[in-house]
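Let us walk through a protein model one residue and one pair at a time. Keep the sequence beside you as you read.

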Amino acid sequence: MRLNCPCCGPRGLEEFSYRGDATVRRPAPDAPGQDWVDYVYLRDNPDGWHHELWYHAAGCHAWLVVTRNMRTHEIADVARATDVARQAREAAGS
């Protein structure tokens, strides 16, 4: 599998580190205990398209959001995590 880094171009998977589900959001510091238990221990096992967080450890050191099909491993999109976060903030503000 190869990832198309937005900064470096296509690279082999060995240059990247998988860091987890990109859709998980940390609870507020004063959130109930059950919210923290769910955040730490409960994860979905998706089938189909999913957003993942990857780190380009052996390259530009960028954090990336990879849209990947969990069944076929097809990659539909790779975007810088900062760009994804900016778009989410803008969408929430409008």
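Start with E14, which is exposed, at a relative accessible area of 68%. Here exposed means over 50% relative accessible area, buried under 20%, and partly exposed in between (1.4 Å probe, protein chains only). E14 sits in the loop between β2 (9-12) and β3 (17-21). Strands (E, at least two residues) and helices (H or I, at least four) are DSSP runs, numbered from the N terminus.

A word on the source. This is a predicted model, in which local features need pLDDT of at least 70, side-chain atom pairs count only at pLDDT 80 or more, and totals for chains, interfaces and linings use all residues. Residues are numbered from 1 along each chain as its sequence is written, and side-chain values use heavy atoms, with hydrogens and water left out.

Now turn to charge. Side chains of opposite charge can pair when their charged atoms come close. A salt bridge is a side-chain nitrogen of Lys or Arg within 4 Å of a carboxyl oxygen of Asp or Glu. The whole structure has 4 salt bridges.

One of them joins R11 to E15, with the closest N and O atoms 3.7 Å apart. R11 is partly exposed, at 28%.

Another links R71 and D47 at 2.4 Å, N to O. R71 lies in the loop between β5 (63-69) and β6 (75-80), and D47 in the loop between α1 (33-41) and β4, so the pair ties together parts 24 residues apart in sequence. Both R71 and D47 are exposed.

R68 and E52 also form a salt bridge, at 2.6 Å between the closest N and O atoms. R68 is buried, at 10%, and E52 is buried too, at 0%.
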